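Biologist: I am new to this one. Could you walk me through its pockets and its surface?

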Amino acid sequence: LVQIVNYQTVIEIALEARQSQSLRHVPLYLLVCLAENKAPEVSRAIGQALPMIIKRADEMGEFLALYRQGNKKRPIAAAIKRGLGVAACQFDAYQYGKYRGDGKWFSPQDVFRLVHPKPATAEQQTLFKQVFHNQIPTPDTWEVALSAGLNKKATWTRLITDRKLGGSAFLKNLRNMDEAGVERDTIAYGFETLASRWLLPLDYWKAALAAPTLIRQIEEAMLRGFGRNRKLPGYTIIIGDTSGSMNSP
């Protein structure tokens, strides 16, 4: 269907899927399908869209893995290379260290060898050399800190107070924090500084199931996070079926 829809419409759908619906793989795959159209204007549009869709350092490798699936030597249009090069300039050492790739996708080094991104500053030039030679320092993430065998309570406390936890990581580990004895004031600070932009209702629901003692704080964080979003026009009506066949009182 991508080939029979106007290419600009496909780009708009891909952007909405990433920016509004928080999907990762679908928008990348839409651009891969669109790249079957070799027209120069289509390649330029894909290259311009890539930096807006790629939000993590490993997504460059995911795009290339999808792009070359079934054809390891598929040529990459110059405009697409430029778009990936612009995307490469969006990330710092922490992001390159955290998202090195898991072996399933192209690594950042693979991307750099294929794309040859141009650094904008001397600092970025140093960073790109580190990426190219796989010399990025290990980032300070919760996975690294806990795998080092450090005191769990102290580790969670430091990561929360230093704001080193993303929104998803914070919610996923609420139960672990509670079991480690992290102070409630510290957890409350984590809720106050929660990065909620990419979180979905399902993320909060899973957190509530895993940490029922914190359900009130989870709900308040969810309402606060979605309270910042643009509202749907008009009225929304929710209808619940409470008949006996639904096993509901």
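**Pockets and a patch**

Modeller: Gladly! This is a predicted model, and helix 11 is the element that gives the most to the lining of the largest pocket, with 5 residues.

Biologist: What space lies in the largest pocket, and which residues are closest to its centre?

Modeller: The space is about 1200 Å³. Of the 33 lining residues, the closest to the centre are Arg56, Tyr99, Gly166, Gly167 and Ser168. Helix 6 (93-98), helix 9 (142-147), helix 10 (152-161) and helix 11 (167-172) are the elements that give two or more residues to this lining.

Biologist: How does the lining of the largest pocket divide by class?

Modeller: There are 14 nonpolar, 7 polar and 12 charged residues.

Biologist: And what makes up the lining of the second largest pocket?

Modeller: That pocket holds about 390 Å³ of space. Its lining has 14 residues, and Ser20, Ser22, Arg197, Phe226 and Asn229 lie nearest the centre. Helix 14 (201-210) and helix 15 (215-226) each supply at least two of the lining residues. By class, the lining has 5 nonpolar, 6 polar and 3 charged residues.

Biologist: Which residues form the nonpolar patch on the surface?

Modeller: Leu200, Leu202, Trp205 and Leu209 do, with about 450 Å² of accessible area together. Leu209 is found in helix 14.

Biologist: Why is Leu209 called exposed?

Modeller: The cut-off for exposed is over 50% relative accessible area. Leu209 has 57% relative accessibility, so Leu209 counts as exposed.

Technical notes
Residues numbered from 1 in each chain as written. Predicted model: local features only at pLDDT ≥ 70, side-chain atom pairs only at ≥ 80, totals over all residues. Heavy atoms only, no water. 1 Å grid on protein atoms, 1.4 Å probe; cavity = no way out; pocket = protein on both sides within 12 Å on 5 of 7 lines; lining within 4 Å. Points joined across faces, edges and corners; volume = space filled by probe spheres on them. Helix = DSSP H or I, 4+ residues; strand = E, 2+ residues; numbered from the N terminus. Nonpolar A, V, L, I, M, F, W, Y, C, P; charged D, E, K, R; others polar. Patch = residues over 30% accessible without salt bridge, like charges linked within 9 Å, V, L, I, M, F, W, Y side chains within 5 Å. Areas by Shrake-Rupley, 256 points an atom, 1.4 Å probe, with all protein chains shown as cover. Salt bridge = Lys/Arg side-chain N within 4 Å of Asp/Glu carboxyl O. Buried < 20%, exposed > 50% of the residue type's maximum accessible area, 1.4 Å probe, protein only.
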